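I've got one structure to walk through, so let me put it up.

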Amino acid sequence: MNDMAAIILISVGVLFNIFGCIGLIRLPDMYNRLQAATKCVTLGCCSILLGVLVHFGIGSAGFRALVAIPILFFTATVAAHALARGAYHFGTKMDKRSVKDDYREAVK
Amino acid sequence: MTSFLNILLYIQIALCAACLYRIIRGPTIPDRMVGIDIFGILVVGICGIITVQTGKAFILDIGIAWVILSFIGTLTLAKYLSGKKLNE
Amino acid sequence: MRYVTVFILSMIFWLLITFKFTIPNIAAGAVASAITAAIFGRYYFYNVYKFLQPRRWLWFVVYLVTFIWACIKANFDVAYRVLHPAMPIKPGIVKVKTTLRSEFARTLLANSITMTPGTITVDIIGDEMYIHWIYIRSEDPALYTRMITGRFEEYIKKFAE
């Protein structure tokens with residue numbers, strides 16, 4: 001029973017990772033790629049670690065997986081902020097389809 | 001069950017190859033850095049799947065250390081992008 | 001008092017990671033936690049008595065449930081945009097005002113916005129957050145402020161301020 005639930009959680013995680021990587025390849029500019037990839041891949045890996053927790057139950061390995069989940073969330077989101085800000089200051093252009101840019105006045 | 005986990009592991013490694021495609025092909029430097037960041041997160045998923053396969057808990061420690069190191073690396077790259085000194 | 005809080009938190013972290021309750025292990029963890037508290041203790045937790053109020057923990061649980069639900073919705077949103085052949089995107093950077101004061105609450109709000117559907121925080125300058133939105137649904141500042149920050153701001157204000 002536990003094994004079945006773990007396999008289902010890990011499969012869902014890998015499916016989310018596939019969506020994220022398709023977004024990484026297909027979307028047109030850097031900010032959109034960062035959005036798709038960060039969201040999907042972070043939640044996918046958290047789902048895989050949740051599957052590890054279900055598979056091992058309460059114990060040494062399970063608690064390690066439980067500790068890894070909040071670390072993954074915080075580091076992935078903060079790294080995404082830093083990359084987006086750095087890319088804007090570097091001068092990366094936004095896609096042609098963009099309609100609004102409030103940040104330009106703030107940087108000057 | 002083990003063969004199914006093997007298939008999932010191969011899919012995950014193929015996704016790492018997709019990140020490598022973005023790193024090699026990316027038209028600008030920030031695109032490559034996004035690829036590096038996502039690569040670091042995907043490796044943690046690989047560590048989780050290998051832990052379930054082999055039943056050895058220490059592989060998860062490798063995953064945690066990998067997350068933190070990849071985070072520091074991404075922060076350094078972002079600092080480099082925004083054109084500041086590293087001690088700022 | 002701040003140092004004691006950091007010490008206890010890092011001790012819990014060490015015990016969860018190693019999960020071995022022998023005397024040498026606990027002693028090694030105590031030494032490592034003491035060094036951590038001595039170095040990093042003065043940066044965090046300006047008012048530690050907030051940890052002891054049960055009302056805040058209740059609101060934290062409410063926030064966590066909302067946050068996980070928003071994450072799952074965000075994933076299906078991204079999957080729809082990526083798999084659609086025409087890719088329905090209309091990206092842009094918008095400016096949003098926040099009413100939160102403390103640094104910790106602002107960081108938490110920025111992280112929540114990053115994981116909710118279609119938005120990612122680019123920068124915080126003063127009171128204003130600059131947010132990259134993958135599909136801009138409205139041009140009215142009051143409307144999109146409520147759409148983006150939404151319920152997260154109320155919940156975070158209740159447990160972290």
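I'll start with the ground rules, then do the sheet, then the interface.

So, this is a predicted model: local features need pLDDT of at least 70, side-chain atom pairs count only at pLDDT 80 or more, and totals for chains, interfaces and linings use all residues. Residues are numbered from 1 along each chain as its sequence is written, chains are lettered from A and ligands numbered from 1 in the order in which they are written, and side-chain values use heavy atoms, with hydrogens and water left out.

Four strands make an open, mixed sheet, in the order β1(A)-β1(C)-β3(C)-β2(C). Strands here are DSSP E runs of at least two residues, helices are H or I runs of at least four, and both are numbered from the N terminus; two strands pair if DSSP finds at least two bridges between them. At the edges, pairing on one side only, sit β1 (100-101) of chain A and β2 (119-125) of chain C. What joins β1(A) to β1 (residues 92-97) of chain C? Two bridges, and the strands run parallel. A:K100, for instance, has C:G92 as its bridge partner.

Helix α3 (residues 60-90) of chain A packs on this sheet, touching β1 of chain A plus β1 and β2 of chain C. Contact means heavy atoms within 4.5 Å. The direction of α3(A) makes about 70° with that of β2(C), using lines fitted to C-alpha atoms, for helices over the stretch in contact, with angles from 0 to 180 degrees between N-to-C directions.

Now the interface. Chain A puts in 40 residues and chain C 47. The buried area is about 3900 Å², 71% of it from carbon and sulfur atoms; that's accessible area (1.4 Å probe) lost on putting the two parts together, summed over both. On the chain A side, A:R26, A:Q35 and A:K39 lose the most, together 17% of what that side buries.

How many salt bridges are there between chain A and chain C? One. A:R85 and C:D123 make a salt bridge at 2.9 Å, N to O, where the rule wants a Lys or Arg side-chain nitrogen within 4 Å of an Asp or Glu carboxyl oxygen. And which element gives the most to the side of chain A that touches chain C? That's α3(A), with 14 residues.
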